[in-house]
Amino acid sequence: MPDRWKPNVTVAAIVQRHDRFLLVEEHTRDGLRLNTPAGHLDPAETPLQACVREVLEEAAYDFTPTALVGVYMNRFVRTRTGSDITYLRFAFTGDLGQHHAQQRLDEGIVRTVWLTYEELQASAHLHRSPVVLQSIGDYLAGQRFDLHLIPADARIFSPPPASAPPLSGCRTVA
């Protein structure tokens, strides 16, 4: 199946401090955009690990996920190239830890900002994705799921042998 469709898997952190939410302002191909600290899942990484890494890289904070807020799908067509991309985003909430003020932010990140929900609503046209406002709205509505909903098999952490036999219970499709 050479043309098998696969969504881009991403993670995001929803962090509230008092009445404000942590966002990053970032350069994109469509100009400056606002996003929750977020990014792509890397090989040999669980969604939880990816979220911890992305918050540190994009906002320079330690982060401990405590709940899954939701899983979201979003289809996006790049304005300049016409590329049709679907994202599958796992949005987590959790505890913000130490700020590493001297740490350089990820490439493209201009700064972190703390916005109220009203400011988020007013700036929706600047969001990187409509999922930003949707996931924060779900968070405010109290939507939380146990982190055990996203188990990871230990085999994701090591490459398969060169001639790995089929997994037990799985059929090989010719």
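Let me begin with a term: a nonpolar core is a set of buried Ala, Val, Leu, Ile, Met, Phe, Trp, Tyr and Cys residues joined through side-chain atoms within 4.5 Å, where buried means under 20% relative accessible area, exposed means over 50%, and partly exposed lies in between, with a 1.4 Å probe and protein chains only. The model on the screen is predicted, so local features need pLDDT of at least 70 and side-chain atom pairs count only at pLDDT 80 or more, while totals for chains, interfaces and linings use all residues. Residues are numbered from 1 along each chain as its sequence is written, and side-chain values use heavy atoms, with hydrogens and water left out.

With that in place, the largest nonpolar core has 17 residues, and Val11, Ala13, Cys51, Phe63, Phe90 and Phe92 are those with the most contacts inside it. The elements that give two or more residues to this core are β1, β3, α1, β6 and β7, and the largest share, 4 residues, comes from α1; helices here (H or I, at least four residues) and strands (E, at least two) are DSSP runs, numbered from the N terminus. Apart from this core lies another, of 14 residues, including Ile14, Leu34, Tyr72 and Ala91.

Let me turn to the strands, which pair if DSSP finds at least two bridges between them. β6 and β7 run antiparallel and are joined by 14 bridges, with leucine 68 opposite phenylalanine 92 in β7, whereas β1 and β7 run parallel and are joined by 7 bridges, with isoleucine 14 opposite threonine 93 in β7. In the hairpin of β6 and β7, which has 6 residues between the strands, glycine 82 takes a positive phi near 80 degrees.

My last topic is the aromatic rings: those of Phe, Tyr and Trp (its six-membered ring) pair if their centres lie within 6.5 Å, and planes under 30 degrees apart count as stacked, over 60 as edge-to-face and the rest as tilted. How many aromatic pairs does a search of the whole structure find? There are 2. In one of them, the ring centres of phenylalanine 21 and tyrosine 139 are 5.8 Å apart and the planes are at 85 degrees, so the pair is edge-to-face. This pair links distant parts of the chain, since phenylalanine 21 lies in strand β3 and tyrosine 139 in helix α3 (residues 131–140), 118 residues apart. Phenylalanine 21 is buried, with a relative accessible area of 1%, and tyrosine 139, at 12% relative accessibility, also counts as buried.
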